[in-house]
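Subject: Structure for your review

Dear colleague,

Please find below the structure that I am handing over to you. I would be grateful if you could read the notes under it with the model open.

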Amino acid sequence: MADENNTPAAAGEPTEGTAAAKQKTPRRKKTAAATIHAAPKAAPAKTQSTKRKIYSGSEKADLLKAISAQIAEGKGPLREVVKGAGISMQTYYLWQRHEKPVAKKNGKPAASKVAKASSGGHELAELVQLEAENQRLRLLLAEKLRAENLELRKRLGMN
């Protein structure tokens with residue numbers, strides 16, 4: 001005799017265990033409180049004060065000076081002073097970065113690094129000195145390669 005629980009059922013015949021497992025309980029309906037919270041909120045209307053303002057270079061410089069003066073006087077933390085000026089922190093840092101002149105790669109910053117580093121640790125001074133020498137050698141190599149390239153172009157008549 002074959003065990004009834006171990007015999008496979010025919011393709012179209014549901015067994016007692018599978019029929020009970022396939023029946024699901026219906027979903028609960030949402031309550032009124034849940035539907036109120038799920039309702040989309042109306043977007044606030046844009047007013048004239050939220051319109052984006054484009055500042056000129058002199059206005060940017062004046063605002064940056066005013067902000068730095070207020071911070072120096074101790075009028076409050078940077079965040080509050082910048083918000084009081086009517087700009088965001090991101091805008092402040094962006095303007096500040098563009099306000100400062102960027103040092104040239106081939107200029108004298110390496111020499112100033114050596115002077116600053118010599119007061120620090122010995123290893124740091126050596127590292128900065130090696131970086132300055134490395135930069136000098138790269139420039140020398142680039143100059144030689146340009147001259148060689150020009151000579152080859154002349155020989156091939158590509159000028």
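The notes below describe the overall fold, then the core and its helices, and finally the salt bridges.

This is a predicted model, in which local features need pLDDT of at least 70 and side-chain atom pairs count only at pLDDT 80 or more, while totals for chains, interfaces and linings use all residues. Residues are numbered from 1 along each chain as its sequence is written, and side-chain values use heavy atoms, with hydrogens and water left out.

Overall fold

The chain contains 7 helices and 0 strands, so that its elements read α-α-α-α-α-α-α from the N terminus. Helices (H or I, at least four residues) and strands (E, at least two) are DSSP runs, numbered from the N terminus. Of the 159 residues in the chain, 8% are buried. Here, buried means under 20% relative accessible area, exposed means over 50%, and partly exposed lies in between, with a 1.4 Å probe and protein chains only. The accessible surface comes to about 14,900 Å², and carbon and sulfur atoms account for 56% of that surface; these areas come from the Shrake-Rupley method with a 1.4 Å probe, and for residues only the protein chains shown count as cover. Among contacts (heavy atoms within 4.5 Å) between residues at least 6 apart in sequence, 32% join residues at least 24 apart.

The nonpolar core

The largest nonpolar core has 9 residues, namely L63, L64, I67, V81, V82, I87, M89, Y92 and W95. Helix 3, helix 4 and helix 5 each supply at least two residues of this core. A nonpolar core is a set of buried Ala, Val, Leu, Ile, Met, Phe, Trp, Tyr and Cys residues joined through side-chain atoms within 4.5 Å. In soluble globular proteins, nonpolar side chains tend to be buried together. Leaving aside neighbours within four places in sequence, I87 is in contact with Y55, L63, I67, V82, Y92 and W95.

The buried residues of helix 3 are A61, L63, L64 and I67. They lie on the same side of helix 3, because they cover an arc of only 165° around the axis; the arc is that of the directions from the helix axis to the C-beta atoms. These buried residues pack against helix 4 and helix 5, whereas K65, A72 and E73 are exposed on the other side of helix 3. The 17 residues of helix 3 should span 24 Å at 1.5 Å a residue, which agrees with the 24 Å between its end C-alpha atoms; the expected span is 1.5 Å times one less than the number of residues. Just after helix 3, G74 takes a positive phi of about 80°.

In helix 5 (residues 89–99), M89, Y92 and W95 are buried. Their arc around the axis is only 130°, which puts them on the same side of helix 5. Their cover includes helix 3 (57–73) and helix 4 (78–85). On the other side of helix 5, Q90, R97 and H98 are exposed.

Salt bridges

Side chains of opposite charge can pair when their charged atoms come close. The structure holds 2 salt bridges, each defined as a side-chain nitrogen of Lys or Arg within 4 Å of a carboxyl oxygen of Asp or Glu.

- E73 pairs with K75, with the closest N and O atoms 3.6 Å apart. E73 is exposed at a relative accessible area of 55%, and K75 is exposed at 59%.
- R155 pairs with E151 at 3.0 Å, N to O. The two residues are 4 apart in helix 7 (residues 122–156), and therefore separated by about one helical turn. R155 is exposed at 64% relative accessibility, while E151 is partly exposed at 43%.

Yours sincerely
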